[in-house]
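Welcome, and take a moment to turn the structure around before reading on. The paragraphs below will lead you through it step by step.

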Amino acid sequence: QVQLVESGGGLVQAGGSLRLSCAASGRTFSISTMAWFRQAPGKEREFVARITWSSGTTSHADSVKGRFTISRDVAKNTVYLQMNSLKPEDTAAYYCAAQQIGSPLYSYWGQGTQVTVSS
């Protein structure tokens with residue numbers, strides 16, 4: 001099992017910045033990829049960014065490219081999402097997720113952290 005705990009959400013004005021953290025514990029050696037997703041009220045959950053645990057290769061959704069950056073600290077078993085130039089449409093609950101080696105699914109999810117961007 002892998003446990004994920006997010007932190008760093010909050011209320012920020014448009015144009016501001018926040019950094020989300022996701023601390024992993026448990027069988028972290030089994031993780032292949034970690035990602036951030038978000039879900040706004042009344043909308044489906046959407047992919048934001050992912051990073052491979054071993055190589056650090058990243059991918060970002062077009063909607064956040066150039067504004068958000070995913071990174072990891074392997075020694076701390078932590079993934080970060082640096083969010084700059086925030087827009088009201090970035091308002092959502094942000095979730096961290098982990099993929100196990102050999103699985104295409106994100107099997108583990110955090111409890112979520114709320115990000116609210118005011119105009």
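Let us begin at a charged side chain: Arg45 lies over the face of Phe37, at 5.9 Å from the ring centre. The charged end of Arg45 also sits over the ring of Trp109, at 4.1 Å from the centre of that ring. Please keep in mind throughout that this is a predicted model.

What do the rings around this arginine belong to? Ring pairs join Phe37, Phe47, Tyr106 and Trp109 into a cluster. A search of the whole structure finds 4 aromatic pairs. In one of them, Phe37 and Phe47 have ring centres 5.9 Å apart and planes at 75°, so this pair is edge-to-face. The pair links distant parts of the chain, since Phe37 belongs to strand E4 (residues 31-39) and Phe47 to strand E5 (residues 46-52), 10 residues apart. Phe47, at 23% relative accessibility, counts as partly exposed.

Phe37 has another partner to look at. The rings of Phe37 and Tyr106 have centres 5.2 Å apart and planes at 80°, so this pair is edge-to-face. Phe37 lies in strand E4 while Tyr106 lies in strand E10 (residues 106-109), so the pair ties together parts that are 69 residues apart in sequence. Both Phe37 and Tyr106 are buried.

Now step back and look at the whole chain. There are 11 strands and 0 helices, and from the N terminus on the elements run β-β-β-β-β-β-β-β-β-β-β. How does the radius of gyration of the chain fit its length of 119 residues? A compact globule with 119 residues would have a radius of gyration near 14 Å, and the chain has 14 Å, so the two agree. Along its principal axes, the C-alpha trace spans about 40 × 25 × 25 Å. Buried residues account for 44% of the 119 residues. The accessible surface comes to about 6,100 Å², and carbon and sulfur atoms hold 48% of that area. Contacts also reach along the sequence: among those between residues at least 6 apart, 52% join residues at least 24 apart.

With a relative accessible area of 0%, Val115 is buried. Leaving aside residues up to four places away in sequence, Val115 touches Gly9, Gly10, Leu18, Leu20, Met83, Asp90, Thr91, Ala92 and Tyr94.

Met83 and Ala23, by comparison, are 60 residues apart in sequence and 17 Å apart in space, C-alpha to C-alpha.

Strand E8 brings us to a hairpin. Strand E7 (residues 68-73) and strand E8 (residues 78-83) pair in the antiparallel sense over 6 bridges. Within this pairing, Thr69 stands opposite Gln82 in E8. The hairpin has 4 residues between its strands, and Asn77 takes a positive phi near 50° there.

Why does that angle deserve a second look? Most residues other than glycine have a negative phi. Asn77 has a positive phi although it is not a glycine. Asn77 is found in the loop between E7 and E8, and at 23% relative accessibility Asn77 counts as partly exposed.

Ser85 gives another example to visit. Ser85 has a positive phi of about 50° although it is not a glycine. Its place is in the loop between E8 and strand E9 (92-100). Ser85 has a relative accessible area of 41%, so Ser85 counts as partly exposed.

Terms used:
Residues numbered from 1 in each chain as written. Predicted model: local features only at pLDDT ≥ 70, side-chain atom pairs only at ≥ 80, totals over all residues. Heavy atoms only, no water. Pairing = 2+ DSSP bridges. Helix = DSSP H or I, 4+ residues; strand = E, 2+ residues; numbered from the N terminus. Phe/Tyr/Trp six-rings, centres within 6.5 Å; stacked < 30°, edge-to-face > 60°. Buried < 20%, exposed > 50% of the residue type's maximum accessible area, 1.4 Å probe, protein only. Lys NZ or Arg CZ within 6 Å of the ring centre and 35° of its normal. Rg over C-alpha atoms; globule rule 2.2 N^0.38 Å. Contact = heavy atoms within 4.5 Å. Areas by Shrake-Rupley, 256 points an atom, 1.4 Å probe, with all protein chains shown as cover.
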